[in-house]
Amino acid sequence: MSEKLQTLIIEDEELARNLLRSYLKDQPDIEIIGECENGFDGVKAINDKKPDLVFLDIQMPKITGFEMIELLDFKPQIIFTTAYDQFALKAFELNAVDYLLKPFSKDRMLSAIEKVKHRIQSGEDTAEKLEELSNYRPGEEFIDRVVVKDRHKIHIITVDQIRYIESLDDYVMIYTNDGRHMKQKTMKYFETNLDPKNFIRIHRSYIVHVDHIAEIQQYEKESYIVILKDKDKTKLKVSKTGYKKIKETLHF
Amino acid sequence: MSHPLTNNYRLLIYYALFWVVIGVTNLIMLTFFYNVPLTYSLLDTISTFVIYPLLGSSIWYSIRYNNLEEISIARLIVFHLIAASILCGIWVSLIYALFKPFVGEGNDFLKNSLPSKIFGGYVMYAVFLVFFYAVNYYQSLKEKVKKEGEYVALIREAELQALKSQINPHFLFNSLNSISSLTVSNPEKAQEMVINLSTFMRYSLLHNEKEMVAFSRELENIKLYLSIEKVRFGKKLNAEFEIDAHCLEAEIPNMILQPLFENAIKYGVYETTDQVTIKTTCECDGNALKITIVNDYDHSTLKRKGEGIGLRNIRKRMEIIYNQPDLMKITDNKTSFEVQLIIPQKQNLS
């Protein structure tokens, strides 16, 4: 390869950044094009600079390395770094992505870079792998927030802000009290990862937060609609199984 | 389990006294109310209330090795009938041997009283049986209560052990990574950090031995912990202390504060890009040490899930040590998070 690998370091701790920089300093085929201290800046830098390689720390302020992946328009080669996170490790192993456990040696880092170079040469597509990684949740816990990006701004939506989610082909629209946000995730993902005590899949196209349900009305003989508590009194269709689930969750 | 009468002298004395009283009563009744000759009264009393109780004490063995729950009722009855017969046989033979020198040949006294003696022997067996079952039951009950007490103490100990905070591996590996970086850029600082980390770890290992430490020591350890974290986080972490000097002698459970600061760093410093201040204030209020730890946090990035496992463990540990609820108070002001610990003191500090 003649061109240098355009490399970005995303890491919140200064000392950890210093170490990576000093390891990479004498590598002729690596060029560091930037460093970011948090996930917000990281997303912007990747989308703007389109690097070949990113060193990405998992635990960072604002948003985690995993959440960042969901917001990328451009998917570079990524080498993850983490100190100790059993869930992350499991995700890395299962999805065969490159990662470095802190503290790591220079040799270990170089061999990770070799693998990346190999992948670039063979033209392997990593986007799908990263997609799977971001969908994979090894922990038993339900998600407590969702990160979204509208044009150039990143929002963190805690799940209690979500009123309902609507399916739009490959995307979902998340409705909150102060707006709506599009996200590239499946309904299935939200159905399995949101706490079913609070969220019910009432229809093929809708997941609703129980606290926002104002009433349930019979619409025709065997079909119902949910009316939400908002100003517009939003009406959402309820399927047969959806109605059953509402009954089970709300005990009526 | 050894024989209750040899094992417990008080019981043996009561046992002897009981038969002496009954024996003497019997002697008096026979002699004065039934006008039986003194020799006969004496012989009768000795045979029934001295020899039988001596023989009868062995009945304990017949129940000792026959657990009521393990053996069927029919077998138990057969067993005791055989045992009672053997005992009565031995007893009656002994009576004969005892009476012989005093009673002439052909005297009907023995012959006439034989059926009632044998019957009495069986009845006495039953009475002894009940007595020993009662003793046995009482003994095993006492033992069970004692074992249960030991068990509860053991559980308490194990619980306390489990509730003590362990060093977070995340903290450890990140610190090691900082050291790895410093060895390149600033070896002296790297050395200092290795030493600080060692001191901190040594202190945290100490809590396997000691439950309580002086507050001054715990505080020193916290400052050490914060200095290690400060190397990692730099300006982002700002720690302030306001400690009343006479609080330093207070006693405090070992490593009870560290998880609170770890929490403050995890939710405060880690989740934001701005500087976060962790402010610690301490005052002594009569018989209690009051420690308040406040940290800012960015509530837009996460929904606090109430009490995490770290805080819950501290609450539980405090409850076990002081046997008192509500020694930990948590206040979430949306922009800052406050934890207050009240540590009861044996001595008045103010």
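Predicted model: local features only at pLDDT ≥ 70, side-chain atom pairs only at ≥ 80, totals over all residues.
How many residues lie between strand 8 and strand 9 of chain A in their hairpin?

Residues are numbered from 1 along each chain as its sequence is written, while chains are lettered from A and ligands numbered from 1 in the order in which they are written.

Chain A has eight helices and 15 strands; these are DSSP runs numbered from the N terminus, helices being H or I of at least four residues and strands E of at least two. Its C-alpha atoms fill a box of roughly 75 × 35 × 30 Å along the principal axes.

To return to the hairpin: two residues separate strand 8 from strand 9 of chain A, and Asp169(A) in the turn has a positive phi of about 50°. Strand 8 (residues 162–168) and strand 9 (residues 171–176) of chain A pair in the antiparallel sense over six bridges, where pairing requires at least two DSSP bridges between two strands. Ile162(A) stands opposite Thr176(A) in strand 9 of chain A. Strand 8 of chain A also runs antiparallel to strand 12 (residues 206–209) of chain A, with three bridges joining them. There, Glu166(A) stands opposite Tyr206(A).

Finally, the contact between chains takes 20 residues from chain A and 23 residues from chain B, contact meaning C-beta atoms, placed from the backbone, within 7 Å. On the side of chain B that touches chain A, helix 7 (residues 169–185) of chain B gives the most, with 12 residues.

Note on methods
Contact = placed C-beta atoms within 7 Å.
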